[in-house]
Amino acid sequence: MKKAFAWLEGNGIAYQLHDYKKSGVAPEKVQAWLAQTPWEELVNTRGTTFRGLPPAKQQGLNAARAAALMVEAPSVI
């Protein structure tokens, strides 16, 4: 993240950090992301948070279930 901040500042781009792991993420924001990017690229299925979920939440993911999961457990993003 330090490199990203340095790049933004070096290019004169204003930004505001939103720590979605601490503050959560709005369902509308998740839907906006999904309009641009497949859910498979947004959900970290290799991370410890995802692996710690019950099998029922891990299996059968589609865009709608992935969106709900990202809102419920933002650390899977």
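I looked up W33 and found it partly exposed at 26% relative accessibility, a class lying between buried (under 20% relative accessible area) and exposed (over 50%), with a 1.4 Å probe and protein chains only. I note that this is a predicted model, in which local features need pLDDT of at least 70 and side-chain atom pairs pLDDT 80 or more, while totals for chains, interfaces and linings use all residues. Residues are numbered from 1 along each chain as its sequence is written, and side-chain values use heavy atoms, without hydrogens and water.

I then turned to aromatic pairs, for which ring centres of Phe, Tyr and Trp (its six-membered ring) must lie within 6.5 Å; planes under 30 degrees apart are stacked, over 60 edge-to-face, the rest tilted. I recorded two such pairs. The rings of F5 and Y15 are stacked, because their centres are 5.1 Å apart and their planes at 5°. F5 belongs to helix α1 (residues 2–10) and Y15 to the loop between α1 and α2 (20–23), ten residues apart; helices are DSSP runs (H or I, at least four residues), numbered from the N terminus. F5 is partly exposed at 23%, and Y15 likewise at 34%. Y20 and W33 are edge-to-face, 6.4 Å centre to centre with 75° between the planes. This pair links helix α2 to helix α3 across 13 residues.

Conventions: Helices (H or I, at least four residues) and strands (E, at least two) are DSSP runs, numbered from the N terminus.
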